[in-house]
Amino acid sequence: MKDGNPLPIIIAILNPSSTILLRIAPSTSRKCIPDSSMAEEAGMFTVQQTVGSVLCCKCGIPMAPNAANMCVKCLRSEVDITEGLQKNVIITHCPECDTYLQPPRTWIKAQLESKELLTFCVKRLKNMNRVRLVHAEFVWTEPHSKRIKVRLRVQKEVLNGAILEQAYVVEYVQQEHMCESCSRVQANPDQWVAAVQLRQHVSHRRTFFYLEQLILKHDAAAHAIKIKQMDQGIDFFFANRSHGVKFVEFISKVAPVRSRSDKQLVSHDTKSNNYNYKHTFSVEISPICREDLICLPPKVAVSLGNFGPLVICSKVTNSIALLDPFTLRQCFLDADQYWRTSFKSLLTSRQLIEYIVLDVELVSPEVNIGGSRYALADAQVARVSDFGKNDLIFSIRTHLGHLLSPGDYALGYDLYSANTNDMELEKHKKVILPEAILVKKSYEEKRQRKRGKPRSWKLKSLNMEVDETRNRADEEKVNTEYEEFLRDLEENPDIRFNISLYRNKDYQPSEVASVTDGDLPSVPLEELLADLDLSDEEMEDTA
């Protein structure tokens, strides 16, 4: 009741294919009847109210009264609310990039039976302002039939205020037609507008393995029409200059780079003053990599507060994190600071050798620096290669006191026998080189037992064109470097944080292997993602 007037009564008559919603305005002179539950609590006598029935004016069957005085079947025979609405629509689909044309020139990427595709299909219908859309859903069709069916449920007010609800199916026919970028690629695969040449002048490809996973996670190369693997980097080709600029901006956010761009005139029209250029972006990544040993130039060391000069690169993002292994001080160099006074590594991770730890004595308690744990310790180590040849033992200071115990193996740089011709090192006259600098703990002996066994996780890779002129030695080198990259992912959780790892369906866990692995680093199952394969799910459903 509102303002002393009773509310209208709404009666719904349901039918498998249609529904009539009727609104009956009650008499304003009738007094409000108290609620039945309230009347029973008060001990009042209540009369059960029933809705009377009338005969349909067409067929004469008993029915609930409504404003049209017709049953559902007769009302549907008189009025069809779907009249004038589209039942068949033709849509344009690009088979190469799996996109749909939104007139006039916009291409929308959508998967089958997705929310995006349902929205696209509904928007393509005309005259939908005549009715009210209540519900929309897909009707299953064969994937190869080039047909998409959508069941719509609409409402409309018909005779004397009666609201009729009706469902109908719209069939969309796919016409295959390649978009402009795909047709340009098919006509001439080398017809690109922008090329990004990504390079790093080092002897390994560890950085590109990591960048490949970042690009896949953020889908940064979605607009690339071709990706080609080169000797010291990767080339990305785009059909639009803006796509190349956007990709260069992404790389600059995840790595310390410097870039330059050039353009070449391809053709021009003097009458319309139109010029066609090919744009080339040259992007160079800093040669400093994680775990490299660096001797800072005197100017850089002074600008960082007399930092170093012998430091280890602990992390590389859009800036370079440097760690002093003797004092546990940490500093950061951004891309501008590095390229202003660029320098190279004194020793790289390719020159790491294996040591065995004989004794460890902690000097300071464990501390957390930049999200990583370190502890200073004095250690006695010996080279594994010296066993049986000499009795050389080195007393050194290391930042890995929280990880190492007597009998463990560690990887480090041998400065005792290293021949370094570094100009920056000669400028530091008072620097005394240690005999060895440990970088990380080694699990090589434990990995020998697990060699050849599959991992519980896997990585995805970009669809790259590989140079077929490479010899067998180059392929073995790339495979070895990729295996070392996978080991780094297992040992370092900070690297795994920025990339996506997927469950390996072929992996079968073994109880014996889990016991024998011991302290061998591995990737926890909660960090793995399910590798969604729509084709596999469709095969299981049909089976």
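## Helix α11

Let's start with α11, which covers residues 472-491: its 20 residues reach 29 Å from first C-alpha to last, close to the 28 Å expected at 1.5 Å a residue. Keep in mind that this is a predicted model. Buried residues in α11 are Val 478, Glu 481, Phe 485, Leu 486, Arg 487, Asp 488, Leu 489 and Glu 490.

## How α5 meets α11

Helix α5 (residues 206-218) packs against α11 at an angle of about 60°, and the two axes are 9 Å apart. Angles under 35 degrees would count as roughly parallel and 65 to 115 as roughly perpendicular, and α5 and α11 are therefore oblique to each other. Their crossing is right-handed.

On the α5 side, the contact is made by Arg 206, Phe 209, Tyr 210 and Gln 213, while α11 brings in Val 478, Glu 481, Tyr 482, Phe 485 and Asp 488. Val 478, Glu 481, Phe 485 and Asp 488 also turn up among the buried residues of α11.

## Ser 500

Further along, Ser 500 sits in the loop between α12 (493-496) and β28 (501-503). With a relative accessible area of 13%, Ser 500 is buried, because the cut-off for that label is under 20%. Setting aside neighbours within four places in sequence, Ser 500 is in contact with Gln 213, Lys 217, Leu 459 and Leu 529. Gln 213 is also one of the α5 residues that touch α11.

## A five-strand sheet

Now for an open sheet of 5 strands, ordered β24-β23-β20-β25-β26 and paired antiparallel. The edges belong to β24 (394-398) and β26 (436-442); each has a single partner strand, so one side of each is left without a neighbour in the sheet. On average, neighbouring strands here are turned by 45° against each other, direction ignored.

Strand β23 (residues 377-383) runs antiparallel to β24, joined by 5 bridges. Asp 378 stands opposite Arg 397 in β24.

Two residues other than glycine have positive phi values: Asp 219, near 55°, and Glu 291, near 75°. Asp 219 lies in the loop between α5 and β12 (224-229), and at 53% relative accessibility it counts as exposed. Glu 291 is placed in the loop between β15 (274-285) and β16 (293-295); at 8% relative accessibility, Glu 291 counts as buried.

There's a cis peptide bond to look at as well: it joins Pro 103 and Pro 104, with omega at about 10°. Pro 104 lies in the loop between β6 (99-102) and β7 (106-109).

Methods. Residues numbered from 1 in each chain as written. Predicted model: local features only at pLDDT ≥ 70, side-chain atom pairs only at ≥ 80, totals over all residues. Heavy atoms only, no water. Helix = DSSP H or I, 4+ residues; strand = E, 2+ residues; numbered from the N terminus. Expected span 1.5 Å × (residues − 1). Buried < 20%, exposed > 50% of the residue type's maximum accessible area, 1.4 Å probe, protein only. Contact = heavy atoms within 4.5 Å. Pairing = 2+ DSSP bridges. Axes fitted to C-alpha atoms, helices over the stretch in contact; angles between N-to-C directions. Parallel < 35°, antiparallel > 145°, perpendicular 65-115°, else oblique. Left-handed = near helix turned anticlockwise from the far one by under 90°.
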